[in-house]
Amino acid sequence: MKTIIKFLPFFFLFLVSSCELEYVNPNAPSDAQVLSTREGMITLSIGMKQNYSTAALGELIYTTGATSRELKGVTTFTSVLEIEAGGTALPTFNGNIFRLWQRMYRVMGMAEDLIENAPTVLASDPATLSGVMAHAHLFKAMALGGLATGYEQFPIQTDVSGKAVFSPRAQGLTEAVRLLDAAAALLASTPPSAEFNTRVIGANFDLLSTINAYRARYNLMLGKNAEALAAANLVNLNTKSQFVYSSQSPNPIYQEMLVSKNYSPRENFGLPASLFDAADGRLGFFLSRPDSTVGGKH
Amino acid sequence: MTKLTLTKRGGFRVAVLAALFLLSFSSLSAQVLIKGKITDKNGAGVIGASVALQDTRFGGFADLDGNYSFEAVVDPGPYVLVVTSVGYRTASMTISITGNQVEQNFQVEEDILSLDEVVVTGTVANTAKRELGNSISSLSSKDLANANAVSIDGALQGKISGAQVTQNSGNPAGGITVRLRGPSTIVGSSDPLFIVDGVIVNNDSRQLIDLGGYAQNRLVDINPNDIERIEIIKGAAAAAIYGSRANNGVVQIFTKKGTEGAARVSFSTQIRLNQLRKKLPYNEYPFAFNNTTATDLSQRPVERYDYQDLIFRDGIGTENSLSVSGGTASTKYYVSGSNLYNKRIVDGSDFSRNSLRLRLSQKVGKMIKVDAGANYVVSSSREIPNGGLVEAYGALTGFIFANNFINPEPDPATGIYPSTAPTNVLRRTNPLEAIDRFDFRQQTNRFIGDIQVNIKPVLGLNIDYVVGMDNYTQIATAYIPPKNTTPSYDGGFSRRADATVFQINNDLNISYRTDLSDWLKSTTGVGATLQYDRTNSFSAQAQQLGAFGETVNNGTVVAGEFRSERTIMGAFAQQSFGIHDLLFLTGAARVDASSVYGEDNRWQFFPKVSGSLVASNLGFWKDSGLGKLFPNFKIRAAWGQSGNLTAIGVYDRFTNYGPIVYGGQTGYLAPQQLGNFTVVPERQTEFEVGADLTMLNDRLSLEFTYYNKDVKDLILNRTLSPTTGFNNRLINVGTMTNKGFEFMVKAVPVNTSQFQWVTTFNYTSNDNVVNGVEGNGVLPFAGGFSQVAAVNGYPLGAFYTGFAATNPDGTYLLTAAGLPQRERGVQGPNGTYTVGRDANGQPSGTPLVKVVGDPNPVSVVAWVNEVSINKLTFRMQWDGMLGFDVFNFTKRVGDRDLYGGLKGYEAELKGEVPKGTSAALFGILGEWIEDGSFIKLREISVSYDIPTKGLLRGLRITAAGRNLLSIDNYSGFDPEVNAAGQDNAVRGFDFVEVPIPRMFILGMNANF
């Protein structure tokens, strides 16, 4: 009997090792943390910008670039072959077509979360609120513009229940312009806080001029030439806006042209020699010479 | 917590009372010495046989010569003395205790058909197999002795019915998948729960570095030579008391223990030769086209190389092990050390395992036994990456994407390796460069330990407490030097990734067995478990390296980390009744909770019931001719439920934002996966019915079982409409069923003292169907290039892709240019479609997809023969899988014009088919499905026992072979393959994985 009692503490030593059933995820914050805090609003703005510049923008450049015959698919992955073939050989379920759609809506979802939650979370900090809202409006507008570049119809609002309603392309662009107008108005009434400018905007990014440049582009796509011209004239030509890239946030064009090598620029970017400007800066930008042969053609 | 404590304290109170009760009795009794000798039919002592005085707690074990003796304190009178020993029939004898000494000898019969087997898995106490309502498979060390597999799971191939065991890769460190009665989940793992000496052991297949899809599964750390016995239960009907982790069945492994007597030393040594079993026919045509233009047929002479000769080699391996065991009546020990070293058939790769194991058993007083086990293992490997599901830098990937008219040898002057791939189109690594310059390694340091306390306070009451711990660190490093032929790492690549895994399980089981009356036996069991595991993983990776130095600090480091913790707790109660030794009924229930799920869905309840009727014990059966025809006849049925609490990741219920750094600022990104707090564990309901019988005077035994496993609340990673802002979400929508039939026949056609022949045949047929996939009813898996999917009404992992347009007579409907083409039309849901034709009879509409193949075998068969003639033992095992498809991506690539290293491209070069045919076929993926049915000569061995004298008790030499032959119609290396490794859903995918080698073995085993 004594022996049993001697072993008793040993039993419980192990049993108490852990009865915890609620572990907090140490690896990443949840939506509850991000969407209800000031830090969450600022850091989600940074995340959205990173995601657009590294993922969504790349898909916009090379998928629609290949279907409009500025670039060409040069590898043998089925999805790239289909994009390169185009026309009826390009099925709706092509992976790249799907990815362009998906990536634009991921950016749009983040922009909408910011637009929805920032007014409450940042109510007592109007300067940061102005920056977060204007920035989110710009990115939602760019997502809509990206969709308008690739698709005939698309929803202009995400819906987490999966019941988003489709709108014609022109309506999407109109919504993008409305968002950009609202963004410009926000910046005009309340300049963003210094913290927002440092952390989210960073160097080499003129938020207002970017907004005006996109106003010009989307108005032009809508055929509203006068509005486009007016917006273009508001762009400050002495500033330059650019996305910053690093090995952690790689340039999607670098990735595509030098790492994945699925696409390459078409000779003269697909233009007849008579229309091609030999000094086209995009050539250098694409870091590659169009010397790949596909199906016997350059 | 409080609940558990109370139960246990209650248990102790019973124990105290019972012990006092017993004490008061024993004062009336006298001490008697019971002894004798237990021999087999040849007169040899049966070592370790257990002798028990029935209905008392007294007993002992036979020593090295078969002699036993023990003291009992009992009243004088008649008693039954029972002898049991693994591998022998149970023998009993009535003795009369009068004086202070009784001598009784026994001769026991070999139990070749395992008729008197006692099992413990899925029951609460040792239970005779004949009393069980569910089927159970078991294996002894003898069954595994000549398997020559590197790991336990590999050794199981062909040995048990109801199991499909596939070696996914020919790398000797494994990559093995075990499926008991089919898969039972889509997003989780269908691996069974492995328990070694009470420790739940981790069997993860971690890809810390990308080796092309291949991964070691961690069961490879356990030396199969240490195994004494394995018990396997295959589904919920048997495994409900394992609750939340039992959906895929349970494999319980018991390692060797010491036996009473002087120290026994056993030494074994082996030398192995691994060889490529089959080479792919390669392109030997001495011309190549000048270009890919269809109309230009001009060719130039080229010299063709057989890359396979340069990549594969004969690999030599050795294995040595030494064990010492022995003990006294109260202390027993078993110590072993082993070393395995195996060179792989791909040049530059190898695997080694060094293992130490200790098992101690100590009696403390009369009621308590404490067992402890410790196993320390270091597994190391040098790897050459192959395959290429994600990364494409592998050696065999380079081989298949190469133009084989390029000499792959490095330039003799500069030492630079030429690119063997068609330049500018697709860059792949020169395979010789991968072998010579890459440095990929893995190392695992692992400790597995257990402490078990067994208390038998009174007759029939058994208290078991087990603490098991499994702790390992796996370290993987990868290095590709700068300036190379890889597709994406010309600047060099370095990576180190570690995973530290800690698991602990505490299990308390209390059982009480009693005779309620002379016709009613009862066994009552209660138990509780608490399991905790923690995984910390870390990785650092660098590109753009300097010219020298292999570690990550030679470049700019990008690091990653993941930590997870999980708790699972549960309790069960089980009650069995045995009525007149005829009818056995069992009912059990288990409750379980896991920290992985949301609070409202955390606790789960799993019941089971089972029954068996031993018809051969009926009076009329014995008296009628039936008793002669079927000396043993049992019918059984079982029903049970179990769960899969582990189907989703530890933090998957949350919407987790991803950290990123952008422009020097930390940000968070909305995830692709939307969280779900309402997801519940998958639940399986299994029903099985079967019979066990013997015929021909117990010379033939037959077991058969029909089962139906239904999984509901199947978790699917639902693809969300991207307009939700997310890509996917885990949700309980699917269902899955596995219906099947398994049987095993074992017979002893010849059984004399000189000559014995035992033959075993087992057969399993399983039919898996997935349903409930939403939308178009198709869920593709990225791990199979999205050409593999769950499709409603089809088995998991069906090959789902485009197919060729054909004429009514089955020939290709060719394009105007005379080339095969993809079928087109209108696509419907669940893989349905309508073919479309335009005015010219050509396909029109969108390119179509359908289910073109199924990687799940219709049946798994095995036939094992063992013949012993005097001192010579001959063993042969054939096993195979029939009726399944393999997706031959290897041939698809190698037969294509751009690469064209395989024989299949020659037809186009010779002008037998129009130029461009191979490229057209390349684009029709459904054309690359092949029947994979195979039967292999898995094991063959011949052993000879050399007569010995003196200290040397036994000396055996063995010559053996493994995977020597495969009978199949498959055009690739081997239809038993999976480039996606141990992936649950993507199976039968052949994409330049290392083929399973044939192995020749010479071994010697000496016992002192």
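This is a predicted model. Start with the links between its two chains. Three salt bridges join chain B and chain A. In one of them, the side chains of B:R602 and A:E22 meet at 2.9 Å, N to O.

Which strand gives the most residues to the side of chain B that touches chain A? Strand β29 of chain B, residues 556-579, does, with eight residues. The table sorts the residues on that side of chain B by kind.

| Kind of residue | Number on the side of chain B that touches chain A |
|---|---|
| Nonpolar | 40 residues |
| Polar | 20 residues |

Chain B puts 74 residues into the contact, and chain A puts in 71 residues. Together they bury about 6400 Å², with 66% of it on carbon and sulfur atoms. B:Y657, B:Y662 and B:T723 supply 13% of the area that chain B buries against chain A, more than any other three residues.

Now turn to helix α8 of chain A, residues 194-201. Its buried residues are A:F196, A:R199, A:V200 and A:I201. Seen down the axis of α8(A), they fall within an arc of 160 degrees, so they line one face of the helix. The face turned away from that buried side carries the exposed residues A:A194 and A:T198.

What covers the buried residues of α8(A)? The cover includes α3, α6 and α9 of chain A, together with β34 of chain B. Just after α8(A), A:G202 takes a positive phi of about 70 degrees.

How values were computed: Residues numbered from 1 in each chain as written. Chains lettered and ligands numbered in written order. Predicted model: local features only at pLDDT ≥ 70, side-chain atom pairs only at ≥ 80, totals over all residues. Heavy atoms only, no water. Contact = heavy atoms within 4.5 Å. Buried area = accessible area lost by both parts, 1.4 Å probe. Salt bridge = Lys/Arg side-chain N within 4 Å of Asp/Glu carboxyl O. Helix = DSSP H or I, 4+ residues; strand = E, 2+ residues; numbered from the N terminus. Nonpolar A, V, L, I, M, F, W, Y, C, P; charged D, E, K, R; others polar. Buried < 20%, exposed > 50% of the residue type's maximum accessible area, 1.4 Å probe, protein only. Arc of directions from axis to C-beta.
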